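Subject: Structure for you to look at

Hi,

Here is the structure I promised to pass on. Please open it alongside this note, and I'll walk you through what turned up.

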Amino acid sequence: MMNCLQSWPEPVVRVQSLAASGVRAIPERYIKPPSHRPLTKNDFSPPQEANIPVIDFQNVFSDDQRLRDEALRNIHSACHEWGFFQVVNHGVSHELMKRTSEVWREFFKLPVEVKQEYANTPATYEGYGSRLGVEKGAILDWSDYFFLNYMPESLRNPNIWPATPASCRELVAEYGHEVCKLGGKLMKAFSMNLGLEEDLLLKAFGGEENVGACLRVNYYPKCPQPDLTLGLSPHSDPGGLTILLPDENVAGLQVCRKGSWLTVKPVPNAFIINIGDQIQVLSNAIYQSVEHRVIVNSNKDRVSLALFYNPRSDLLIEPSKQLVSDDRPALYPPMTYDEYRLYVRTKGPCGKKQVESLKSPRPCSEC
Ligand code: OGA
Ligand code: NI
């Protein structure tokens, strides 16, 4: 298994270079089968206007108990019913958010030869990449990315983070620190909402110093045929929770809601939070990791920063004992995150197939 993860099965093509070459027709490798495209020819349903819940996070720490309870209740129902919400007044400096996203935009503007020095392999995925999964002949997504480990500190290796722009490493370090703090607060809120001791989820993840945190900066170039492809195929996030800084000017993220795709309208200066598979498992499916995908467009490129807040990768994750009863038996067997994420790292984005397959194991050959 490890062997097949050492190198990419085909020569790597940078989507950004393809887009810049001025092709009018995208290569076949990026064309999704008709049922997977963003819009089907006969789809006359009106665009979905509703938005995911927006939470004022500072109310969670209010002295006013009414405000506190209400904010916690709203978070609970968002986690249970949507798997997604936005947070405002989250405590992370808006200035830092802007500068960090801007520095990554600058990185992607660098000549391909420069970025190429950071080319990644599927062994760790760290660095500059253009695909997820190592299946030969897979249909690819219209995006490039940069992936790096932030936590635990033993896995942090700033030497392989971009050296240009000059402020990139420093900003990533500061951004990682602030956003991980927010991750810890969200974990507490989730624990309380599940009726658990407030540090139970964080402990299950290994504690503040041992959690895993990785940053994936997604770059979605303009696409001459956005109706035929996707920037990121449907998937649920395999980790604990995701803190996403979307592009403030370009929409693209779509969330699966009651069988249809809803385009998220980012609120200024907000983060988009979503539940990953590991919290679905720990909560014994009270909280949902919900499928999402990214669409692209022909006018504007898009940059997003996804910070994945994960369990320490060698700990067994299983439904919390307090959430298991005779009436509600454990829905998932214990598994380490190391073991769990091998699947997505091999197969690529795969909807919710993996976490669902744990319930009644069956081979996943369809993706
Ligand atoms: C992800 C993701 C959404 C986006 O990186 O897992 O879902 O808007 N990103 O880029
Ligand atoms: Ni995702």
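Helices here are DSSP runs of at least four residues, numbered from the N terminus. Please keep in mind as you read that this is a predicted model.

I'd begin with ligand 1, which sits in the largest cavity. Which residues come nearest to ligand 1? Out of the 14 around it, they are R216, Y220, H292, R302 and S304.

Y220 has a polar side-chain atom 2.7 Å from an oxygen atom of ligand 1. For R216, the distance from a polar side-chain atom to a ligand oxygen is 2.8 Å, and for H235 it is 3.1 Å. Taken alone, ligand 1 exposes 290 Å², and the protein buries 98% of that.

The shell around the ligand draws at least two residues from each of β5 (212–220), β6 (232–235), β11 (292–294) and β12 (302–310). Of these, β12 gives the most, with four residues. Sorted by class, the shell has seven nonpolar, four polar and three charged residues.

Now to the cavities themselves. How many of 30 Å³ or more does the structure hold? There are five. The largest has a volume of about 160 Å³, and its lining is made up of 18 residues, with L232, L244, L253, H292 and A306 nearest the centre. Two or more lining residues come from each of β5, β6, β7 (241–245), β10 (271–275), β11 and β12. Here too β12 has the largest share, at four residues. The lining divides into nine nonpolar, six polar and three charged residues. H292 is a handy landmark, being among the residues that come nearest to ligand 1 and also among those nearest the centre of this cavity.

The second largest cavity has a volume of about 80 Å³. It is lined by 15 residues, and S236, D277, V344, G351 and Q354 are the closest to its centre. Which helices supply at least two residues each to this lining? They are α8 (337–347) and α9 (353–359). By class, the lining of this second cavity has seven nonpolar, five polar and three charged residues.

Happy browsing, and best wishes

Conventions
Residues are numbered from 1 along each chain as its sequence is written. Chains are lettered from A and ligands numbered from 1 in the order in which they are written. This is a predicted model: local features need pLDDT of at least 70, side-chain atom pairs count only at pLDDT 80 or more; totals for chains, interfaces and linings use all residues. Side-chain values use heavy atoms; hydrogens and water are left out. A residue is near a molecule or strand if one of its heavy atoms lies within 4 Å of it. A polar contact is a pair of N or O atoms within 3.5 Å; within protein, one must be able to donate a hydrogen and the other to accept it, and residues adjacent in sequence count only if both atoms are side-chain atoms. Accessible areas come from the Shrake-Rupley method with a 1.4 Å probe; for residues, only the protein chains shown count as cover. On a 1 Å grid over the protein atoms alone, a cavity is a set of points where a 1.4 Å probe fits but cannot get out, and a pocket is an open set with protein on both sides within 12 Å along at least five of seven lines; lining residues have an atom within 4 Å of a point. A molecule sits in a cavity or pocket if more than half of its atoms lie within 2 Å of its grid points. Ala, Val, Leu, Ile, Met, Phe, Trp, Tyr, Cys and Pro count as nonpolar, Asp, Glu, Lys and Arg as charged, and the others, Gly among them, as polar. Grid points are joined across faces, edges and corners, and a volume is the space filled by probe spheres set on the points.
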